[in-house]
Amino acid sequence: HDAPGSGALYRVGSFDGHAFTPVGHWQVLDHGRDFYAAIAWNGPRDDLGRFAWIGWMGNHAYQPHLPRKGWRGVMSLPRRMGLRECNNELLLAQTVEPSVCNLFTDPEEVTADEMTVPVSCRIDLAADFHGQLRLDDGGNSCFTVIADDQCWQLLRDDTALPFLNARSGLQRSDGGLTLWIDSETIEAISLDGTQCGGFQHRPACEVLTLATDCPECVSVARLR
């Protein structure tokens with residue numbers, strides 16, 4: 001099983017202190033091209049007993065070509081890890097560290113087909129979202145989500161940095177999808193945590209245009 005980009009794979013199983021016994025097959029950890037070499041900490045755990053890890057948001061295939069901004073490459077948001085049973089199979093479920101959520105305002109419903117949002121924000125797509133959402137900087141960079149009954153299609157396009165162009169698909173479950181966005185990265189994580197996609201992006205400005213044909217199913221939370 002191949003992982004996308006610099007991606008990684010995981011396998012569920014049991015460990016008795018001496019040997020690991022796998023159950024099931026290899027699974028893709030993150031379906032984007034820019035989540036790699038995650039480092040986990042055994043503690044402190046959260047109220048649910050979950051430990052956390054952080055990944056490098058980068059890709060060896062093109063990282064040397066990414067223009068420096070005082071740095072080149074950043075880390076992901078910390079993600080808490082657990083297991084979730086889906087179709088009689090245990091899957092890794094990743095959710096953003098709860099304390100990070102407190103850094104954002106309460107979500108505001110989108111009431112128009114087009115609006116501006118700050119480059120650092122959280123965008124929630126409800127379970128009923130079917131259609132398209134597009135984020136662009138008015139110039140070179142755009143990120144598009146296209147949703148049907150089976151899949152969240154994620155499309156990243158950048159005319160100035162075409163090596164960042166990417167296409168990925170996340171399998172839909174019963175819940176929605178959240179986009180965690182800043183000036184360097186976009187992390188798409190399904191509500192149940194079993195589907196994730198991490199991408200670098202380089203918008204040219206601090207304000208993005210959000211356009212969607214399903215605004216009633218979209219809300220935006222801003223960084224405090």
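A disulfide is counted here when two cysteine sulfur atoms lie within 2.5 Å. By that rule the structure holds zero disulfides. Cys 121 is in no disulfide, and the nearest cysteine sulfur, in Cys 205, is 12 Å away. Cys 121 is also buried, with a relative accessible area of 0%; buried means under 20%, exposed over 50% and partly exposed in between, with a 1.4 Å probe and protein chains only. The sulfur of Cys 214 is 3.6 Å from its closest cysteine sulfur, that of Cys 217, which is too far for a bond. Cys 214 counts as buried too, at 5% relative accessibility.

This is a predicted model, in which local features need pLDDT of at least 70 and side-chain atom pairs count only at pLDDT 80 or more, while totals for chains, interfaces and linings use all residues. Residues are numbered from 1 along each chain as its sequence is written, and side-chain values use heavy atoms, with hydrogens and water left out.

The secondary structure comes to one helix and 21 strands, taken as DSSP runs numbered from the N terminus (helices H or I, at least four residues; strands E, at least two). The C-alpha trace spans about 55 × 40 × 30 Å along its principal axes. Of the 224 residues in the protein, 47% are buried. With contact meaning heavy atoms within 4.5 Å, 57% of the contacts between residues at least 6 apart in sequence join residues at least 24 apart.
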